[in-house]
Amino acid sequence: MKIEIKNLKKRFNNNFILKDISLTIEKNKSTIILGQSGCGKSVLIKTIYQLFSFDSGNILYDGESEVDLDKFSMLFQYGALFDSLKISENIAFTDFINSKTNYNKKVISLMHDVGLNKSIFDRYPSEISGGMKKRVALARALYKNPEVIFLDEPTTGLDPINSDKINELILKVITKRKITAVTITHDIKSAIKTGDNYYFIHEGIIQDKGDCKKIFKTRNKVFKSFITGADIKQ
């Protein structure tokens with residue numbers, strides 16, 4: 001699915017979080033939204049997902065203003081697993097809550113795809129590691145075979161080794177399944193590893209965009225400050 005965003009504005013009370021956003025999320029590509037906490041990137045993907053309304057502008061999904069939300073899925077920042085449900089029930093949540101019992105085979109297949117052993121099928125989230133929880137959350141996001149997957153800070157809370165593993169897994173999965181991926185992150189290494197195109201948002205405005213493999217060649221001073229960890233100054 002191709003998603004086009006034109007002159008999007010979104011405010012809470014009188015405070016504009018998104019001031020004039022225009023960007024294109026290419027079909028079957030991985031688009032990275034970069035920026036500091038509070039820059040508006042989380043609001044942006046939740047608006048694309050129609051979890052938030054917007055004040056002005058347009059969002060087109062394959063040229064249409066309406067979209068079937070079942071074509072979307074999201075990997076939340078901290079996984080958002082249900083502690084009281086087993087791993088299998090978390091992954092198959094949409095079928096589990098509807099009392100469908102024929103999801104076991106699909107769950108095991110997805111567990112294999114994300115590098116999880118079926119031995120944890122009946123375990124609970126509290127019984128597995130943080131890296132495993134991320135994999136379970138990814139399997140759940142893939143369960144309904146989405147056309148578009150949104151990934152909210154997928155490496156947050158992970159050590160460098162597990163971060164690399166998750167990045168490699170995400171890249172493998174979205175390539176194999178030909179999914180349109182939209183990732184929000186502040187992790188430059190993750191962006192270069194998993195992304196095709198990037199947009200850098202600062203204070204609700206797109207300050208820079210380009211090829212993820214050429215991030216370090218940017219001439220944008222604000223983005224350079226973000227990359228180096230320096231204080232950002234306009």
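Select the open sheet, in which six strands follow the order β5-β6-β7-β3-β8-β9 with mixed pairing; two strands pair if DSSP finds at least two bridges between them. Helices (H or I, at least four residues) and strands (E, at least two) are DSSP runs, numbered from the N terminus. The edges are held by β5 (72-75) and β9 (205-211), each with a single partner strand, so one side of each has no neighbour in the sheet. From one strand to the next the twist averages 20 degrees.

This is a predicted model, in which local features need pLDDT of at least 70 and side-chain atom pairs count only at pLDDT 80 or more, while totals for chains, interfaces and linings use all residues. Residues are numbered from 1 along each chain as its sequence is written, and side-chain values use heavy atoms, with hydrogens and water left out.

Next, select β8 (residues 197-202) together with β9; the two pair in the antiparallel sense over six bridges. Tyr-198 stands opposite Gly-210 in β9, and Ile-201 stands opposite Ile-206 in β9. The two strands form a hairpin with two residues between them. In its turn, Glu-203 has a positive phi of about 55 degrees.

Helix α1 (residues 41-48) lies across β3 (30-34), β5, β6 (148-152), β7 (180-185) and β8, and runs at about 155 degrees to β7. Axes are lines fitted to C-alpha atoms, for helices over the stretch in contact, and angles run from 0 to 180 degrees between N-to-C directions. Helix α8 (residues 221-228) lies across β3, β8 and β9, at about 95 degrees to β8.

Move on to α5 (residues 130-142) and α6 (residues 160-177), which pack at an angle of about 15 degrees with their axes 10 Å apart. The two helices are therefore roughly parallel to each other (angles under 35 degrees count as such). To inspect the contact, display Gly-131, Lys-134, Arg-135, Leu-138 and Leu-142 in α5, which meet α6 residues including Ile-166, Leu-169 and Val-173.

Finally, show the whole protein, whose secondary structure comes to eight helices and nine strands. Along its principal axes the C-alpha trace spans about 55 × 40 × 35 Å.

Key: Parallel < 35°, antiparallel > 145°, perpendicular 65-115°, else oblique. Contact = heavy atoms within 4.5 Å.
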